[in-house]
Amino acid sequence: MRHINNTTSTSSSAVVTRSSVSDFAESFLKFNGRSEGTAIPFVMEEDRSQAEYSVNASRGITRSAMLNSYASESRKPVKFNLHLIEACNYSCRHCFAKFGSRKMLSFDNWRIIVDNCLRAVPGCSFNIAGGEPLLAAYFHDLARYCHDRGSKVSVITNGYLITDKWIRENAGILDTLGLSLDSFDEGTLVKMGRCTRSGKILTAGRIKEITTLVKEVNPDCRIKVNTVVCSLNRDEIVREQIMDIPVSRWKIFKMMSFANDSFNNSDIVISDEEYMRYISNNLGTSPEMLKDENSHIFSLSGTCSVVVEKNLDGGYLMIDANGNLVDNTINTNYVPVVNCVTGDVRDGINRLGLDTELYWSRY
Ligand code: SF4
């Protein structure tokens with residue numbers, strides 16, 4: 001990931017690079033008192049495949065140990081994304097929350113998952129997602145459960161179901177409120193399916209009310225916006241609307257191509273060039289600046305940074321609505337590696353196609 005100081009600057013400095021991760025590998029080994037011989041699996045070279053980072057019990061260093069150690073040194077908690085529910089009040093054309101799960105786990109099962117994650121990665125944080133997580137009747141209880149165990153809790157929601165009462169009940173325990181906002185234009189939102197079945201959208205006025213009240217209730221709660229760019233919104237400029245709300249981080253993703261038996265979004269996929277043009281139009285950057293690396297971070301204003309990410313494959317820890325830790329690096333679907341209710345989460349992380357460098361560059 002590159003950090004870029006302002007939207008017109010042409011200079012940049014690498015914040016997380018292969019060499020910085022290699023530096024970490026070195027310090028990790030010192031930290032763990034390993035001999036040089038055990039270092040080999042975690043020296044990140046350009047041409048190493050993910051397979052080479054899989055667990056190597058004989059050498060005694062695992063990906064989960066590496067995550068734990070880096071989290072401890074950097075004081076950045078490892079984050080698990082808990083996708084509580086596949087159902088949603090919207091039906092976005094680009095939605096990738098299709099896990100093939102109709103059932104929801106019980107609150108007790110999610111408590112077990114949280115405990116198992118904390119056992120595998122002490123001090124980890126949780127992002128509660130969906131589908132639309134506010135449809136889960138136990139959303140508040142689960143957020144409270146995570147919070148009471150000392151974990152940071154965030155939520156990513158389309159925001160439509162947020163009421164003032166919900167804010168008063170939940171903002172105090174949230175580290176971050178994430179809003180998925182792909183457009184402020186009603187016509188675009190309806191075309192994208194980013195609306196209720198009856199075509200109702202979350203208006204710019206309501207977004208402003210929500211974010212203002214969240215900040216009133218908990219000034220420390222960060223507001224984050226996620227925008228997914230596809231062919232339906234690629235020509236829009238929404239910078240002014242984003243800056244009109246108290247956003248500390250705006251993440252702009254290129255839509256992932258995704259397909260399973262009942263879903264396929266290949267018709268609204270955009271090219272890297274179209275994605276770069278969106279960034280360029282919204283941030284005033286040169287598309288040339290975005291060519292080389294997967295992700296970049298810009299400063300949009302004194303208080304808002306913008307994260308640009310082309311590809312998230314292997315870049316996050318995701319537990320689906322069945323409680324499975326899933327791998328999205330194997331094909332265009334989610335492949336379960338372990339069930340987090342009944343299995344060993346640490347073992348699952350070690351078998352995951354997690355791109356450790358990409359992972360840390362994102363947090
Ligand atoms: S709001 Fe989110 S979960 Fe719901 S359909 Fe859209 S992308 Fe999927």
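**A helix and its surroundings**

Modeller: The chain has 11 helices and 15 strands, where helices (H or I, at least four residues) and strands (E, at least two) are DSSP runs numbered from the N terminus. Keep in mind that this is a predicted model: local features need pLDDT of at least 70, side-chain atom pairs count only at pLDDT 80 or more, and totals for chains, interfaces and linings use all residues. Residues are numbered from 1 along each chain as its sequence is written.

Buried residues make up 42% of the 363 residues; buried here means 20 or more other C-beta atoms within 10 Å of a residue's own, exposed means 12 or fewer, partly exposed is in between, and the C-beta atoms are placed from the backbone. Of the contacts between residues at least 6 apart in sequence, 68% join residues at least 24 apart, a contact being two C-beta atoms, placed from the backbone, within 7 Å.

My pick is α4, residues 139–148. Its buried residues are Phe 139, Leu 142, Ala 143 and Cys 146. Looking down the axis of α4, these fall within an arc of 100°, so they line one face of the helix; the arc is that of the directions from the helix axis to the C-beta atoms. What they pack against is α3, β4, β5 (153–157) and α5. Just past the end of α4, Gly 150 takes a positive phi of about 90°.

On the other end, the loop between β4 (125–129) and α4 holds Gly 131. Gly 131 is joined to Gly 130 by a cis peptide bond, with omega about 15°. So much for what flanks the helix; now for its partners.

Next, α3. This helix, residues 107–120, has 14 residues and reaches 20 Å from its first C-alpha to its last, close to the 20 Å expected at 1.5 Å a residue; the expected span is 1.5 Å times one less than the number of residues. Its buried residues are Trp 110, Ile 113, Val 114, Asn 116, Cys 117 and Ala 120. They cover an arc of only 165° around the axis, which puts them on the same side of α3. Asp 108 and Arg 119 are exposed on the other side.

With 16 C-beta neighbours inside 10 Å, Phe 107 counts as partly exposed. Neighbours within four places in sequence aside, Phe 107 is in contact with Tyr 138, Asp 141 and Leu 142.

Among the elements covering the buried residues of α7 are α5 (164–170), β6 (176–180) and β7 (222–229). The 14 residues of α7 (204–217) should span 20 Å at 1.5 Å a residue, and its end C-alpha atoms are 20 Å apart, which agrees. Buried in α7 are Ile 207, Ile 210, Thr 211 and Val 214. Their arc around the axis is only 90°, which puts them on the same side of α7. Gly 205 and Glu 216 are exposed on the other side.

Last stop, the ligand. Around it are 12 residues, the closest being Cys 88, Tyr 90, Cys 92, Cys 95 and Asn 158; a residue makes the list if its C-beta atom, placed from the backbone, lies within 6 Å of the molecule. That shell divides into 5 nonpolar, 5 polar and 2 charged residues. Ala, Val, Leu, Ile, Met, Phe, Trp, Tyr, Cys and Pro count as nonpolar, Asp, Glu, Lys and Arg as charged, and the others, Gly among them, as polar.
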